[in-house]
Amino acid sequence: MTHATDHDAASPDAALLVAYANGDPQAAADLAARLTPRVLGQAFRMLRDRAEAEDVTQEALLRLWKIAPDWRQGEAQVTTWLYRVTANLCTDRLRRRKRTTPLDGVAEPADGAAPVAAQMQDRSRLDALAAALAQLPDRQAQAVALRHLEGLGNPEIAQIMDISTEAVESLTARGKRALTAILAGRKAELGYDDD
Amino acid sequence: MTMTERELDDLFASARAEHVAVSDALLARIVADADAVVAARAVTMRTAPGFWATLRTCVGGWPGLGGMVAATLAGVWIGFAPPNAVAPLAASVWGETSTISLFSSDDVLGIEG
């Protein structure tokens with residue numbers, strides 16, 4: 001982009017947020033372009049539902065716009081704050097889903113030509129993973145998602161979840177064990193016997 | 001039959017590898033939200049009453065404030081230049097006023113003892 005008021009791509013998110021709060025109209029567009037892909041990706045990997053992930057993304061960024069005037073630079077990173085808000089919004093939805101959708105309700109792999117079938121199988125496995133994630137307690141689901149779906153390190157997750165790194169390790173270990181147990185019952189159905 | 005940790009890790013890796021494209025429509029909604037929040041904040045700031053506006057409201061608007069100012073001015077005026085009728089009235093309410101001097105008028109500094 002070559003807009004005269006475009007912010008440098010290296011500008012910290014917090015500086016853009018402060019610029020937005022001070023009335024810079026370009027700052028919101030720049031910030032949205034920088035942050036939306038990450039938030040949407042995180043939401044989609046946890047929820048496996050495009051519409052829900054978009055709703056969560058819009059809500060997370062709306063909350064960011066609202067707190068912009070009170071944002072104090074240097075106290076927290078915008079991305080850390082967004083990871084936390086997005087994770088909380090996703091676990092809220094997963095909790096609702098847990099109450100309404102049985103695990104068996106997840107679509108099974110469909111028959112078809114080989115590449116299509118493989119894609120469908122991949123998708124089914126990922127859907128099953130998301131459904132299994134929804135069965136975990138909220139904090140376990142968040143820790144597992146941040147560690148294994150977002151690929152974050154334990155210290156960063158500790159900061160996002162406001163807990164110790166030991167607690168993160170414990171949550172992710174227990175979460176993984178629980179996921180393994182939940183998914184074990186669906187191995188054949190998800191095509192693992194054929195691998 | 002249990003799922004191995006390796007299979008679960010592979011599943012996580014597949015999930016991480018998935019690209020989720022952002023639609024223009026979503027970006028437009030997000031930027032529209034940002035604009036709406038700014039506009040709402042501007043309206044709130046414009047309509048938030050200041051100190052004097054709040055005071056004026058408390059005393060009943062302009063008529064109330066005008067009455068308060070008139071009463072204050074009248075009080076000050078009466079204090080400086082009381083009308084003839086006020087002095088006897090004040091005397092009957094508060095009693096006669098008398099002045100006591102602790103010093104002789106000739107000896108203000110008390111030098112003569």
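Mentor: Let us begin with A32(A), which touches L61(A), L27(B), I30(B), V31(B) and A34(B), leaving aside residues up to four places away in sequence. Touching here means that two C-beta atoms, placed from the backbone, lie within 7 Å. The model is predicted, so local features are given only at pLDDT of at least 70 and side-chain atom pairs only at pLDDT 80 or more, whereas totals for chains, interfaces and linings use all residues. Residues are numbered from 1 along each chain as its sequence is written, while chains are lettered from A and ligands numbered from 1 in the order in which they are written.

A32(A) also belongs to the largest nonpolar core, a set of 63 residues in which Y20(A), A32(A), A43(A), M46(A) and L133(A) touch the most other members. Such a core joins buried Ala, Val, Leu, Ile, Met, Phe, Trp, Tyr and Cys residues through C-beta atoms within 7 Å. Its largest share, 12 residues, comes from helix 2 of chain A. A residue is buried if 20 or more other C-beta atoms lie within 10 Å of its own, exposed if 12 or fewer, and partly exposed in between.

Helix 2 of chain A spans residues 25–47; helices are DSSP runs of H or I of at least four residues, and strands are runs of E of at least two, numbered from the N terminus. Because 17 of its 23 residues are buried, this helix is largely enclosed by the rest of the structure. From first to last C-alpha it reaches 32 Å, close to the expected 33 Å, the expectation being 1.5 Å times one less than the number of residues.

Phi of R48(A) is positive, near 55°, in a residue other than glycine. R48(A) counts as buried because it has 21 C-beta neighbours inside 10 Å. A131(A), in helix 5 (residues 114–135) of chain A, is 83 residues from R48(A) in sequence, yet their C-alpha atoms are 8.7 Å apart. A131(A) has 23 C-beta neighbours inside 10 Å and therefore counts as buried.

D162(A), in the loop between helix 7 (154–161) and helix 8 (165–184) of chain A, likewise is not a glycine and has a positive phi, of about 60°. With 8 C-beta neighbours inside 10 Å, however, D162(A) counts as exposed.

We return now to the partner chain. The contact takes 33 residues from chain A and 23 from chain B. On the chain B side, helix 1 (5–17) and helix 2 (24–47) each supply at least two residues, and helix 2 of chain B gives the largest share, 10 residues. That side has 15 nonpolar, 2 polar and 6 charged residues; Ala, Val, Leu, Ile, Met, Phe, Trp, Tyr, Cys and Pro count as nonpolar, Asp, Glu, Lys and Arg as charged, and the others, Gly among them, as polar.

Chain B has 5 helices and 0 strands, and 10% of its 113 residues count as buried. Helix 3 (residues 51–58) of chain B is hardly covered, with 0 buried residues among its 8. G60(B), with a positive phi near 100°, follows that helix.
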